[in-house]
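Here are my notes on the model, as numbered points. Please read them with the structure open.

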Amino acid sequence: MKKIKLIWDFTGREPEQFAKHHAHHLEEFIKTSEKSILDSGFEVNDESHAIAYIIVNEEDMYHFRDVLKPHRAVYA
């Protein structure tokens with residue numbers, strides 16, 4: 001089964017704080033979701049770019065995309 005990483009990008013001043021905050025909300029959503037989420041979290045790419053993400057099975061990607069509106073997606 002292929003895995004998809006759904007990503008929310010944060011740029012500008014203090015992107016880590018925004019990504020961390022968004023990741024917290026994603027974790028709250030995971031607790032109520034009927035679909036399986038494989039992983040979630042946030043990553044800091046550099047001082048002006050960070051991301052929040054979830055990793056899901058490809059078959060569930062459309063559900064999460066439509067509900068959560070990520071900025072982009074890549075194969076994980």
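1. Burial first. Buried means under 20% relative accessible area, exposed means over 50%, and partly exposed lies in between (1.4 Å probe, protein chains only). Lys 5 counts as buried because its relative accessibility is 15%. Of the 76 residues of the chain, 36% count as buried.

2. Ground rules. This is a predicted model, in which local features need pLDDT of at least 70 and side-chain atom pairs count only at pLDDT 80 or more, while totals for chains, interfaces and linings use all residues. Residues are numbered from 1 along each chain as its sequence is written, and side-chain values use heavy atoms, with hydrogens and water left out.

3. Architecture. The chain has 2 helices and 4 strands. Helices (H or I, at least four residues) and strands (E, at least two) are DSSP runs, numbered from the N terminus. The order from the N terminus is β-α-β-β-α-β.

4. Overall dimensions. The C-alpha trace spans about 35 × 25 × 20 Å along its principal axes. The radius of gyration is 12 Å, which agrees with a compact globule of 76 residues, since that would have a value near 11 Å. That radius is taken over C-alpha atoms, and the globule rule is 2.2 Å times the number of residues to the power 0.38.

5. Surface and contact range. The accessible surface comes to about 5000 Å², and carbon and sulfur atoms hold 49% of it. Areas come from the Shrake-Rupley method with a 1.4 Å probe; for residues, only the protein chains shown count as cover. Contact means heavy atoms within 4.5 Å. Among contacts with a separation of 6 or more, 70% join residues 24 or more positions apart.

6. Core. In soluble globular proteins, nonpolar side chains tend to be buried together. Here the largest nonpolar core has 15 residues. Such a core is a set of buried Ala, Val, Leu, Ile, Met, Phe, Trp, Tyr and Cys residues joined through side-chain atoms within 4.5 Å. Leu 6, Trp 8, Ile 54, Val 56 and Phe 64 have the most contacts inside this core. At least two core residues come from each of β1 (3-11), α1 (15-32), β3 and α2 (61-68).

7. Phe 64 in detail. What does Phe 64 contact, leaving aside neighbours within four places in sequence? Its partners include the core residues Leu 6, Ile 54 and Val 56. Phe 29, Ser 33, Lys 35, Ser 36, Ile 37, Lys 69 and Pro 70 are also in contact with Phe 64.

8. Salt bridges. The structure holds 4 salt bridges. The criterion is a side-chain nitrogen of Lys or Arg within 4 Å of a carboxyl oxygen of Asp or Glu. One of them joins Glu 43 and Lys 5 (3.1 Å, N to O). This pair links distant parts of the chain: Glu 43 sits in strand β2 (residues 37-46) and Lys 5 in strand β1, 38 residues apart. Glu 43 is partly exposed because its relative accessible area is 29%.

9. The Asp 9 site. Arg 72 and Asp 9 form a salt bridge (2.8 Å, N to O). The pair is 63 residues apart, with Arg 72 in strand β4 (residues 72-75) and Asp 9 in strand β1. Arg 72 counts as partly exposed, at 36% relative accessibility. The side chain of Asp 9 also makes a polar contact with that of His 49 (2.8 Å). A polar contact is a pair of N or O atoms within 3.5 Å; within protein, one must be able to donate a hydrogen and the other to accept it, and residues adjacent in sequence count only if both atoms are side-chain atoms.

10. His 49. This residue belongs to strand β3 (residues 49-57). Is His 49 buried or exposed? His 49 is buried, because its relative accessible area is 17%. Not counting residues up to four places away in sequence, His 49 touches Asp 9, Phe 10, Thr 11, Pro 15, Val 44 and Arg 72.

11. Backbone check. Two loop residues deserve a look. Glu 14 has phi near 50°, a positive value in a residue other than glycine. Glu 14 lies in the loop between β1 and α1 and counts as exposed, at 52% relative accessibility. Lys 69 is not a glycine either, yet its phi is positive, about 55°. Lys 69 is placed in the loop between α2 and β4 and is exposed, with a relative accessible area of 57%.
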